[in-house]
Amino acid sequence: MESSRIDAEITLMVDGSSRTLTVDTRTTLLDALRDRLGVTSPKKGCDHGQCGSCTILLDGRRAVTCLTFAVAQDGAQITTANGLAGHDGLHAVQQAFLDQDALQCGY
Ligand code: FES
């Protein structure tokens with residue numbers, strides 16, 4: 001049986017760092033970030049676009065990574081919860097995580 005796997009090289013700018021990797025074109029952005037790049041702040045909750053725990057900023061707009069193909073984001077700017085902090089401390093979203101004990105699910 002012939003495989004339908006097609007690989008592609010992509011480069012993502014993740015929290016200010018350029019990251020290049022080869023992905024199966026069916027790989028979600030969530031799996032590419034977590035499993036391939038070790039970026040664990042986007043969480044896999046429902047894996048169906050409903051819970052929001054995998055949310056990032058993708059070129060400045062909110063996106064759920066479990067419903068986004070990595071290959072379609074070649075060259076994109078990605079900001080995760082980890083990348084929100086500025087030089088003067090935690091971002092308001094990060095502080096809200098701590099204040100509300102929202103760490104378990106990543107909301
Ligand atoms: S994992 Fe729930 S919306 Fe992506």
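**Starting from one residue**

Visitor: Leaving aside its neighbours within four places in sequence, which residues is T68 in contact with?

Guide: Ground rules for this predicted model: residues are numbered from 1 along each chain as its sequence is written, local features need pLDDT of at least 70, side-chain atom pairs count only at pLDDT 80 or more, and totals for chains, interfaces and linings use all residues. Side-chain values use heavy atoms, with hydrogens and water left out. Contact means heavy atoms within 4.5 Å. With neighbours within four places in sequence left aside, T68 is in contact with T27, T28, L29, L58 and Q73.

Visitor: And is T68 buried or exposed?

Guide: T68 sits in the loop between β4 and β5 (77-79), where helices (H or I, at least four residues) and strands (E, at least two) are DSSP runs numbered from the N terminus. Buried means under 20% relative accessible area, exposed over 50%, and partly exposed in between, with a 1.4 Å probe and protein chains only. T68 comes out at 12% relative accessibility, so the label is buried.

Visitor: Which residues have the most contacts inside the largest nonpolar core?

Guide: In soluble globular proteins, nonpolar side chains tend to be buried together. A nonpolar core here is a set of buried Ala, Val, Leu, Ile, Met, Phe, Trp, Tyr and Cys residues joined through side-chain atoms within 4.5 Å. L29, for one, is in contact with residues including L12, I56, L58, F69 and I78, leaving aside neighbours within four places in sequence. The largest core has 16 residues, and those with the most contacts inside it are L12, L21, L29, L33, L37, L58 and I78.

Visitor: In the hairpin of β3 and β4, which residue takes a positive phi?

Guide: Two strands pair if DSSP finds at least two bridges between them. β3 and β4 (residues 61-64) run antiparallel and are joined by four bridges, with I56 opposite A63 in β4. Two residues lie between the strands of this hairpin, and the positive phi, near 50 degrees, belongs to D59.

**Charges and cysteines**

Visitor: How many salt bridges does a search of the whole structure find?

Guide: Side chains of opposite charge can pair when their charged atoms come close. The cut-off used is a side-chain nitrogen of Lys or Arg within 4 Å of a carboxyl oxygen of Asp or Glu. Searching the whole structure gives a salt bridge count of five.

Visitor: Which residue does R5 form a salt bridge with, at 3.6 Å between the closest N and O atoms?

Guide: R5 pairs with D24 at that distance. The pair links distant parts of the chain, from the segment before β1 (7-14) to strand β2 (residues 17-24), 19 residues apart. R5, D7, D24 and R26 are also linked in a network of salt bridges. The 3.6 Å partner of R5 is D24.

Visitor: K44 has a salt bridge with N and O atoms 3.8 Å apart; which residue does it meet there?

Guide: K44 is partly exposed at 41% relative accessibility, and one of its salt bridges, at 2.8 Å, is with D31. At 3.8 Å, N to O, the K44 side chain meets D47.

Visitor: What does the disulfide count come to?

Guide: A disulfide is a pair of cysteine sulfur atoms within 2.5 Å. C51 is partly exposed, with 23% relative accessible area, whereas C54 is buried at 3%. By that sulfur rule, the disulfide count is zero.

Visitor: Zooming out, what pattern does the protein follow along the sequence?

Guide: The protein has two helices and five strands, and 31% of its 107 residues count as buried. Along the sequence, the pattern is β-β-α-β-β-β-α.
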